[in-house]
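Reader: I would like to go through this model feature by feature, taking the idea behind each term before the case itself. Could we begin with burial?

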Amino acid sequence: MDWITIISTTVKSAIGVETVLYALAAIGINIHFGYTGLLNFGQAAFMGVAGYGLAVTVTVLNLPFWIGIAVGLIAAVLLALLLGAPTLRLRADYLAIVTIAAAEIVRLVFRSVKFKEVFGGSDGQRGFSDGFYALNPFPEGEYGIGWFTFSHRLLWIMLVGWVLVAISCGIVYLLMRSPWGRVLKAIREDEDAVRSLGKNVFSYKMQSLILGGVIGSLGGFVYGLAYASVQPDVFGTETTFFAYTIVILGGAARVLGPVVGSMIFWVLLVLVNGVLSEAVQAGYIPFMTSIQVGPVRYILVGLGLILLLIFRPQGIFGDKREIAFDVR
Amino acid sequence: MSAETTAANTVSERKAAALAAFKDLARDPGVPKPDPILVVDGVVRRFGGLTAVEVDHVEIQRGSITALIGPNGAGKTTFFNQLTGFDTADAGKWTFNGNNMSGVPAHRVARAGMVRTFQLTKALSRLTVMENMRLGAQHQRGENFWRALVPGSWRAQEDAITEQAEDLLARFKLDAKREDFAGSLSGGQRKLLEMARALMVKPELVMLDEPMAGVNPALTQSLLGHVKDLRDQGMTVLFVEHDMDMVRDISDWVIVMAQGAIIAEGPPDTIMSDSRVIDAYLGAHHDAPLSDSELQEQLHQAEAALEAEIEEETQK
């Protein structure tokens with residue numbers, strides 16, 4: 001077995017592009033679900049409209065990179081307004097239903113034949129990231145020591161990604177210690193109590209939905225730029241559910257929970273994948289083929305998460321006291 | 001010493017003033033009050049075929065403690081919900097301090113100075129007692145998204161709010177719990193916290209929905225004292241309650257609801273002897289003796305039941 005490969009891919013995945021983009025999506029979910037109690041099951045759509053907003057602006061409309069970013073951000077805000085306006089006055093479950101459906105609608109529109117000219121159908125769009133890599137301060141080459149190396153392109157997107165994660169965490173940290181964050185947490189506990197104290201609950205829920213959606217949309221940009229392409233099926237529902245898994249793994253309503261959760265999630269996936277595929281290749285596991293490794297790693301990671309929920313339901317950073325109360 | 005006597009004087013003055021205002025009022029439902037803070041006209045709420053609330057006219061006297069009583073299902077809580085914007089009325093108008101409040105959303109009602117508590121206490125469990133209190137304060141600069149990002153812009157106000165909250169917590173004897181999660185408090189302590197939190201809004205009218213429900217008797221006295229305090233500080237109190245002893249003890253005026261309508265009003269010491277109220281609570285014929293035919297009917301039923309039982313035994 002090639003332990004060097006297993007270890008190097010695992011260590012790299014701890015800070016890799018996937019970790020960054022899922023951390024951003026999860027920070028958004030953490031604002032929605034962890035702090036405000038909103039069940040947004042359409043985070044993938046926020047990432048999708050951002051990624052496609054950038055891609056379509058640059059490739060189809062031939063506009064510069066920065067305008068593409070602006071279009072993506074505006075699209076995320078509009079999506080939040082569109083989803084929130086009819087549902088945020090209703091019970092929490094309605095938002096869940098509407099967001100999960102809306103995310104699928106967004107994905108299906110992106111991959112539809114009808115709009116192939118604009119969104120590129122199931123192949124997606126590519127060739128919009130040149131503007132971003134033109135800003136790359138690192139000269140061409142490999143950076144790092146021994147096996148721990150990254151190409152100049154990867155290094156640039158990772159640097160930008162981690163800066164975005166840091167800024168997002170900083171914003172969440174500042175907000176959640178402020179009276180604004182207090183209103184959000186109070187809404188999570190009991191909307192009516194907050195209303196009876198003179199706060200406009202609808203407005204705060206909308207602000208939370210927009211903020212979390214915009215931070216999630218940064219994950220969509222990171223994906224599009226790192227892979228220099230966007231495909232519709234990347235923004236499927238499982239992306240949203242991975243983000244939820246990460247939030248719960250790290251501990252909901254904790255500033256660094258989603259970041260550490262994302263690191264652990266991807267390290268586990270890559271490690272299990274590496275060990276299993278090497279073991280299958282070396283013939284240690286005769287009853288499995290290398291094609292089966294992909295699904296089996298999800299089974300094993302899922303098992304690990306179930307065990308986590310049993311033995312540490314508050315997540316890695318959670319406070320045990322908080323889940324001791326019956327909130328209802 | 002002089003300060004204390006003045007304080008004591010104002011307290012008795014407030015109670016006396018409230019009682020004086022009610023002195024010569026008629027006992028009819030909807031009787032006009034000398035200085036009403038809340039005036040309600042023709043509020044109706046229907047749930048399908050059921051008319052839960054149908055109040056023609058009622059006024060709440062400023063600076064008094066008014067109790068709203070009535071049997072189960074009388075529509076008291078629904079009426080509360082309408083007035084505070086938590087439920088929409090099918091018809092009706094009501095004014096608070098002369099300002100129209102019908103159709104105004106709940107948070108604006110609270111901002112106008114009309115703050116309510118809930119029958120099932122709504123302590124915000126996973127917030128600390130102190131955070132619960134701070135949430136009640138109005139016009140917080142830090143509740144604006146952009147200013148929240150600049151702690152310097154709201155720190156000073158937050159400190160003032162904290163000070164105010166500490167005073168209230170001390171008054172309600174919750175100061176030792178200030179850093180505990182509200183979810184860890186007992187039922188009675190949650191009631192106290194909810195009331196203290198409502199006071200952070202600085203309301204003119206405090207509406208308490210069953211403040212004594214689920215409170216242990218030891219705490220009842222202290223809660224009663226706090227309700228009286230509210231009036232003595234110049235606030236108006238309207239509360240829903242079942243416990244007549246408590247109503248008699250603290251209220252200046254009692255409004256009785258039954259089947260959605262207001263059926264009687266009056267001072268607490270005489271209201272329970274009002275025939276309309278007794279009828280509503282116990283049924284119209286509760287004290288009339290049974291007639292001969294009714295007695296016969298009961299006898300027949302008992303005999304039939306006995307016979308059926310004997311038959312069952314013999315068949316075995």
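Reader: Is Met246(B) buried or exposed?

Author: Buried means under 20% relative accessible area, exposed means over 50%, and partly exposed covers what lies in between, with a 1.4 Å probe and protein chains only. Met246(B) has a relative accessible area of 2% and is therefore buried; its place is in helix H9 of chain B, where a helix is a DSSP run of H or I with at least four residues, a strand is a run of E with at least two, and both are numbered from the N terminus. Between Met246(B) and Thr78(B) there are 168 residues in sequence and 22 Å in space, taken from C-alpha to C-alpha.

Author: A word on conventions belongs here: this is a predicted model, in which local features need pLDDT of at least 70 and side-chain atom pairs count only at pLDDT 80 or more, whereas totals for chains, interfaces and linings use all residues. Residues are numbered from 1 along each chain as its sequence is written, chains are lettered from A and ligands numbered from 1 in the order in which they are written, and side-chain values use heavy atoms, with hydrogens and water left out.

Reader: What does the secondary structure of chain B come to?

Author: Chain B holds 12 helices and 10 strands. Its C-alpha atoms fill a box of roughly 90 × 55 × 45 Å along the principal axes, and of its 316 residues, 48% are buried.

Reader: How many salt bridges does the structure hold over all chains?

Author: A salt bridge is counted when a side-chain nitrogen of Lys or Arg lies within 4 Å of a carboxyl oxygen of Asp or Glu; over all chains there are 28. One of the pairs is Arg231(B) with Asp252(B), whose closest N and O atoms are 2.8 Å apart. Because Arg231(B) lies in helix H8 (residues 217-232) and Asp252(B) in the loop between helix H9 (244-250) and strand S9 (253-258), the pair ties together parts of chain B that are 21 residues apart in sequence. Arg231(B) is buried, at 2% relative accessible area, and Asp252(B) counts as buried too, at 1%.

Reader: Which residue forms a salt bridge with Glu191(A)?

Author: The partner is Lys205(A), with the closest N and O atoms 2.9 Å apart. This pair links distant parts of chain A, from helix H10 (residues 191-196), which holds Glu191(A), to helix H11 (residues 201-227), which holds Lys205(A), 14 residues apart. Glu191(A) counts as partly exposed at 23% relative accessibility, while Lys205(A) is buried at 4%.

Reader: Which residues are linked with Arg111(A) in a network of salt bridges?

Author: The network joins Glu104(A), Arg107(A), Arg111(A) and Asp233(A). Within it, the side chains of Asp233(A) and Arg111(A) meet at 3.1 Å, N to O. The two are 122 residues apart, Asp233(A) in the loop between strand S4 (229-230) and H12, Arg111(A) in the loop between helix H5 (92-110) and helix H6 (116-119) of chain A. Both are partly exposed, Asp233(A) at 35% relative accessibility and Arg111(A) at 31%.

Reader: What is the phi of Ala253(A)?

Author: Most residues other than glycine have a negative phi. Ala253(A), although not a glycine, has a positive phi of about 60°. Ala253(A) is found in the loop between helix H12 (237-250) and helix H13 (257-281) of chain A, and is buried at 12% relative accessible area. Lys173(B), likewise not a glycine, has a positive phi near 55°; its place is in the loop between helix H6 (155-171) and H7 of chain B, and at 69% relative accessibility Lys173(B) counts as exposed.

Reader: Which residues gather in a patch of negative charge on the surface?

Author: Patches are made of residues with over 30% relative accessible area and no salt bridge, like charges being joined within 9 Å and nonpolar side chains (Val, Leu, Ile, Met, Phe, Trp, Tyr) within 5 Å. Here the members are Glu303(B), Glu307(B), Glu309(B), Glu311(B), Glu312(B) and Glu313(B). Glu312(B), which sits in helix H12 (residues 292-315) of chain B, is exposed, with a relative accessible area of 56%.

Terms used: Areas by Shrake-Rupley, 256 points an atom, 1.4 Å probe, with all protein chains shown as cover. Lys, Arg positive; Asp, Glu negative; His and termini not counted. Charge placed at Lys NZ, Arg CZ, Asp CG, Glu CD.
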